[in-house]
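Please look over the sequence and the 3D structure shown here. The report after them takes the parts in turn.

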Amino acid sequence: MPEIVIMGELLVEIMRPKEDVPLYASDYFRGPFPSGAPGIFISTAARLGHSTAIISGVGNDDFGENIMRRLKHDGVDVSRVIIPEDGHTGIAFVTYFADGERKFLFYMDNSPCIKAKAPESMEGFEDTKYMHIMGCSLMADVNFAKEIIKFMTMLKSHGVKISFDPNVRLEMLKDKAVLDMLQKVFKNSSILMPGVSELKMFTGKDDINMAIKSVFENPSLEILVLKNGSKGSKIYTRKGLEVEQPIYKVIQEDATGAGDSYDAAFICGLAEGKSLAEAAKMGAAAGALNAAAFGPMEGKISPESINEIIKRG
């Protein structure tokens, strides 16, 4: 039975191998790589030795096979991933620019990755401790967002902790009703894991201190994990700032998915009963290992590699 679960989109990424090549230009791509923020998250948690499951969908095609083989190899329970005969696996074309900006083209309409339904009962989830939700999954499709919230509501009523990464992808926002759903998930979240710009956008506060104060007006919120790229992360509770965690320096090949791997390793740390400082170290190590490899979930992440990079400092 899964200790950590997620419900969200699975897709393949097809990526420019070098920076500053716009998607409209005729040039080379690399891929397909198994991806989707929920897939990166749950793959990382599984590789760190936790029982995991994902609720999603893929097409009955080679891209779907690419994703399923990888998740099975990593130890993720994929028994709730639907594979209907109609519809294609979700696809994202991605390019990076030297200033750190990214651009995506998503092809997810008619994809099973946003068609899965929430389970009707707690059967099979009796041991679940954490459900993680990505904002991009809510933005992908309004009906899919409703299913995620339905699943969240059931799990929370049975004591499961909800962690939430707003993970804002404006390219995916097709229905503004989803903005209200983002707020609904936030109100049910025990752990919030945004980037600095996302926190400001999410709260409507330009002043970071006011934004931090604002989120703790939510009575459910226990932990704020504020990620700030190369500046590391800060962990807040209602007592204030608890942990300042710098990054672990690596030769960066591809930053895609580093934040998702951070989320997963941090949650794994909490599930293992570690302190906030220890969980933050695990998150930073997983993010660094992810960024050191080209591809969204290609970092060499394991309990051993996490411990090694933390010990190295």
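The sections below cover the basis of the model, a sheet, strand pairs, nonpolar cores and helix pairs.

## Basis of the model

This is a predicted model, in which local features need pLDDT of at least 70 and side-chain atom pairs count only at pLDDT 80 or more, while totals for chains, interfaces and linings use all residues. Residues are numbered from 1 along each chain as its sequence is written, and side-chain values use heavy atoms, with hydrogens and water left out.

Helices (H or I, at least four residues) and strands (E, at least two) are DSSP runs, numbered from the N terminus. Two strands pair if DSSP finds at least two bridges between them.

## An open sheet

Four strands form an open sheet in the order β3-β2-β6-β7, and their pairing is mixed. At the edges are β3 (30-35) and β7 (102-107), each of which pairs on one side only. From one strand to the next, the twist averages 25 degrees.

Strand β2 (residues 11-15) is paired with β3 in the antiparallel sense, over four bridges. Glu 13 stands opposite Phe 33 of β3. Helix α2 (residues 62-74) packs on the sheet and touches β2, β3 and β6 (90-96); contact means heavy atoms within 4.5 Å. The direction of α2 makes about 55 degrees with that of β3. Axes are lines fitted to C-alpha atoms, for helices over the stretch in contact, and angles run from 0 to 180 degrees between N-to-C directions.

Strand β9 (residues 161-165) is largely enclosed by the rest of the structure, because four of its five residues are buried. Buried means under 20% relative accessible area, with a 1.4 Å probe and protein chains only.

β9 pairs in the parallel sense with strand β8 (residues 130-134) over five bridges, and Tyr 130 has Lys 161 in β9 as its bridge partner. β9 also pairs in the parallel sense with strand β10 (residues 191-192), over two bridges. There, Ser 163 stands opposite Ile 191.

## Nonpolar cores

A nonpolar core is a set of buried Ala, Val, Leu, Ile, Met, Phe, Trp, Tyr and Cys residues joined through side-chain atoms within 4.5 Å. In soluble globular proteins, nonpolar side chains tend to be buried together.

The largest core has 53 residues, of which Met 131, Ile 133, Leu 138, Phe 151 and Phe 164 touch the most other members. Helix α4 (residues 142-157) gives the largest share of this core, nine residues. Beyond its neighbours within four places in sequence, Ile 133 has contacts that include Leu 138, Ile 148, Phe 164 and Val 185. A second, separate core of 50 residues includes Met 134, Ile 191, Val 225 and Ala 285.

## A hairpin

Strand β12 (residues 233-237) pairs with strand β13 (residues 240-245) in the antiparallel sense over five bridges. The two are joined by a hairpin through two residues. Lys 234 stands opposite Glu 244 in β13.

## Helix pairs

Helix α8 (residues 258-271) packs on helix α9 (residues 276-291) at an angle of about 150 degrees, and their axes are 7 Å apart. α8 and α9 are therefore roughly antiparallel to each other, a term for angles over 145 degrees. Residues in this contact include Ala 258 and Tyr 262 of α8, and Leu 276 and Gly 283 of α9.

The axes of helix α6 (residues 196-203) and helix α7 (residues 208-215) come within 9 Å and cross at roughly 65 degrees. In α6, Val 196, Leu 199, Lys 200 and Thr 203 meet Ile 208, Ala 211, Ile 212, Ser 214 and Val 215 of α7.

Technical notes
Angles under 35 degrees count as roughly parallel, over 145 as roughly antiparallel, 65 to 115 as roughly perpendicular and the rest as oblique.
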